[in-house]
Structures are given as structure tokens and as C-alpha cells.
Amino acid sequence: MEQKRRTRIVDLLKTSEIGQQTNVKGWVRTKRGNKHVNFIALNDGSCIHNLQIVVDVPNFDEELLKRITTGASVSIIGEICESTGSGQKVEIQAKEIEILGDCDVDKYPLQPKKHSLEFLREIAHLRFRTNTFGAIARVRHSMIFAVHEFFTKKGFLNIHTPIITASDAEGAGEMFKVTTLDLDNTPKTEEGQIDYSKDFFGKATNLTVSGQLEGELAALAMGEIYTFGPTFRAENSNTTRHLSEFWMIEPEMAFYNLDDNMDLAEEFLKYLIKYALDNCSDDLKFLSQRLQEEEKNKKADERSMELIEKLEFVLAHDFIRLTYSEAIDILKNSKPNKKGKFKYPITGFGSDLQSEHERFLVEKHFKKPVILTDYPKDIKAFYMKLNDDGNTVRAMDVLFPQIGEIIGGSQREDSLEKLTGRMKEMDIPEEEMWWYLDTRRFGSVEHSGFGLGFERMMLFVTGMGNIRDVIPFPRAPKTAEF
Ligand code: ATP
Ligand code: MN
């Protein structure tokens, strides 16, 4: 019989073509039944749901049916039937079964039971096959799409900034070196230092920590641009919110001041959240149940808000906007500070905010996302616009519940004089940054931008607790297996 193309399970579950013949291909999650009838739960990655395949045992070769195990890949031709038992609209009555790939079940690490996230991290090559990581992969794709849709609708241009860079001035973090020199036998200068003029690019190069500086160059000609690329930080920070390789979205806009920047950041975050609610509801429902299951044993006041409720809550409320100084006052007089509960006590103006402080403001004090502005210049990068007080800069950090800092941004210093002044104070060599400074020499304008860590956003939207679980193959200290 002529067979039409394979149909994806996500489409089959929506179909009303009862009685039609179809072909599905996928991986067996479970098989159960008795000597008369078997039920196969089949998943093909197209949605969180499995498709039920009904197999009348007497119609099939016994040896073939034995090979249908958890993990095996199969192709099924059968009839679409209305389902009564499986909790779904349709199921397939199997007519022909082909084993595409057997699975050695004794060695297969994924059993039809709950595995810990820690264990699944050790088998990241197979974890796509679990409900949780399937859901995360689909949500991640939707969020990538939503990022491009948001900026495209607003007329922003996507710019690819380099991954290999010779500038290490951004100061956002420790960098990974990029070299083709023989590390066991590096060429030396007369002073005994490594001679990078002999290296591939004729100078020392690194993996980028941010596309911002190049993004600014584009914005100061194109108006509004954004980058969305991989960034690398070689800090040895083994936290649940840091990766060594992560993806960052960095819009940069000419003619935007700090208020415009904050408005854009808030609108952007809400757009992504709304997009997830509108387009990923089955996966979010699953992730919500997963989270509630995981938090079952926590005390009521330690449990997080139900996932979908939390996302809707953020959509429904304006973010609180206040200055760093106001935040310091709140923190200084807060109970945990007075009782010595913070690991890093707040002494006053100048203290760098740690995630414990950020989360206190968001989760305990305001109970809403917060945007902090006007940080002391000493704890921020050289390119942030100096305020008239000479002491603070036009920085903004967006703080989210459960995450802490999700966005960091600022209005940029547009005065050549002030910018070079800050660079001198911070020992940043002007010669290396001549191209960046040129934008302030030739038609400088007010402009602003920010960086959203894509995986921090993914943590928030999926409710997952560890950033290593929202990127398929995490890179972190001592972690680069797959
Ligand atoms: P943090 O203080 O949380 O370490 P940061 O201030 O060093 O972050 P920025 O340089 O401001 O980070 O980077 C912009 C955004 O990139 C941050 O707001 C965050 O969302 C994300 N980000 C920064 N570092 C990491 C990392 N190591 N892993 C994942 N995301 C990160
Ligand atoms: Mn930051």
C-alpha cells in the first residue's frame, strides 16, 4: 500500500482524521500489556505527550514484539482511532511495525522511572529523551525565536559580533586565551615574555566576554541593533547561575537614555514571558508539575510560586525602579543585615551587591522584579555614563526572583573627554581602544544598551534551579564532556 510521509506526534494528537492510515516514527518510552494486547508509549520529540500505539499481540511475530523495549526506535504504520483510555484524543492501532534501532536495555541508562538531574547531567547525550529535557529544548527554541521576533518587529538589526577578540578591556570577567602557539615551547620576546606577534593573529586574542563594544559601533550608524551570540567567561564560579559559555542578547540603541533603556528591557522581558505562556503551554504545565513535585518536601513558605502563576504575575506588574543608594538604605536597615544573616554584610554606599541582596530586595522586600540604577562608578565598567555627581554612573541592573541579576546595562558615556578620563583612572590603554573612541570623536550621540543572559531567562521561564540544566551541553569549570 502506498504510504504517506511520517506524521509528527504533535500533529497527530490534534488530528480529526479518524480511520485514516498513518506512519509514525519515534522512540519507545514504555511498553506494557498482556498476551492479547500491548500498549506502546511512543515519543518523537515533537511535543511533551507520548502517542499510544495499540498492538494486537496475535497479529505480530513474538520475536519482533520482544525487541520493542524502552529506548528502541520504531516505525509504525497503523490506523488513527479515537482513544478512550489513554487520556488523549487519538491512538494508533498498529498494522505494521518495523524496528529501526534495537536498544540494549540492560546497558541503557534511562529507565522508565524518575532520574535525578545530577545523574542526567552525567548523561547529557541522552537526556533530551526525558520529558524534562525535551520540554526545556522546545521552550529554549521558542525563546530564541521570540527574541528575534521582538527585535524584528521593533526594527532592530541583528548584528554578528566577533567571537575571537583582541580587546580585553570590557572587564566583564576572566577570558579564555585563543592561540595556536605551541604551549610547550612558546616564542619569547627579549624581555622573556610570550611573543604574541608570532601568534596566529599577530597579537594576543581571547574569546569574547560580550559583544557590546562592537555593538555600539553598529548602533552609532544603524540606530537600533542587537546581538545574540555565545560569550565566554573563565571565572571559576561554581554556582547555579554561572556558565563558562553562555548566550547573551545585547541590544544597543542610539538616541536612547537610561529611561528608554529601562522601558525597553521591561518590555522585552515581558514579551518573552508572554510568548512562552502563549506558545509553550503544554511544556510549561509539565515543568510546573515537575517543580511542584520537587518542592513537595519543602516548607510551605520556602516553596516557589506555581510556575505559570509566577510568569503571569511578572507580566501583570510594573517593575520597581529605584537607585542603588535607595536600595543600600533598605538593605542596611533590613532584618537579615542587622541579624548578621547576609554572608556579605552591607556597610553602606560602595558595597557591591551579591545575589543574596538582590534576591532579598526582589523576593522579600518588594515582591516584584526590580531595576536598580545609578551605581557607584567604582563597581561598574568604564563605559558607563558618569552622572553629574561625579560619583555614580547611569547603570541599570534588572533583578528577578530566584535569579538575582538577569540584565545588566547602562547609558554609555558619550563624551570623549570623560570616557578617556575614566580609562586613565582604570588603567585601560587608549591605544588599543582607538576604534571604540573614534565613535566619540566622529558624531557621538547619547546611546544605551544592555545584556540579557539567555540562560538566566531560561531558568526563570522553566523554573529550573540550575543553569546547567537549561543549556543542552553546559560548559563550567571541569565540565566539557559532551
Ligand atoms: P553576575 O554578577 O551575576 O556574575 P555580571 O554582572 O558579571 O553577572 P554582566 O557582565 O553584566 O554580568 O553580563 C550581563 C548578563 O549576562 C548578566 O546580567 C547575566 O544575565 C548574564 N551573565 C553574566 N555572567 C554569566 C555567566 N557566567 N553565566 C550565565 N549568564 C551570565
Ligand atoms: Mn552585571
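These questions and answers concern a predicted model.

Reader: Which residue in S4 does Asn23 stand opposite?
Author: Strand S1 covers residues 21–33 and strand S4 covers residues 73–82. The two run antiparallel and are joined by 7 bridges. In S4, the residue opposite Asn23 is Ile77.

Reader: At what angle do helix H5 and helix H13 pack, and how far apart are their axes?
Author: Two packed helices are described by the angle between their axes and the distance between the axes. Here H5 spans residues 212–222 and H13 spans residues 434–441, and H5 passes H13 in a left-handed crossing. The angle is about 35°, and the axes are 10 Å apart.

Reader: How do the residues of the contact of H5 with H13 divide into nonpolar, polar and charged?
Author: H5 brings Gln212, Leu213, Glu216, Leu217 and Leu220 to the contact. From H13 they meet Trp435, Tyr436, Thr439 and Arg440. The division is 5 nonpolar, 2 polar and 2 charged.

Reader: From which residue's polar backbone atom is an oxygen atom of ligand 1 2.7 Å away?
Author: Ligand 1 has 15 residues around it, of which His242, Leu243, Glu405, Ile406 and Arg456 come nearest. A nitrogen atom of the ligand is 2.9 Å from a polar backbone atom of Leu243. An oxygen atom is 3.4 Å from a polar backbone atom of Gly408. For the distance of 2.7 Å, the residue is Ile406.

Methods: Residues are numbered from 1 along each chain as its sequence is written. Chains are lettered from A and ligands numbered from 1 in the order in which they are written. This is a predicted model: local features need pLDDT of at least 70, side-chain atom pairs count only at pLDDT 80 or more; totals for chains, interfaces and linings use all residues. Side-chain values use heavy atoms; hydrogens and water are left out. Two strands pair if DSSP finds at least two bridges between them. Helices (H or I, at least four residues) and strands (E, at least two) are DSSP runs, numbered from the N terminus. Axes are lines fitted to C-alpha atoms, for helices over the stretch in contact, and angles run from 0 to 180 degrees between N-to-C directions. A crossing is left-handed if the near helix is turned anticlockwise from the far one by less than a right angle, and right-handed if clockwise. Contact means heavy atoms within 4.5 Å. Ala, Val, Leu, Ile, Met, Phe, Trp, Tyr, Cys and Pro count as nonpolar, Asp, Glu, Lys and Arg as charged, and the others, Gly among them, as polar. A residue is near a molecule or strand if one of its heavy atoms lies within 4 Å of it. A polar contact is a pair of N or O atoms within 3.5 Å; within protein, one must be able to donate a hydrogen and the other to accept it, and residues adjacent in sequence count only if both atoms are side-chain atoms.
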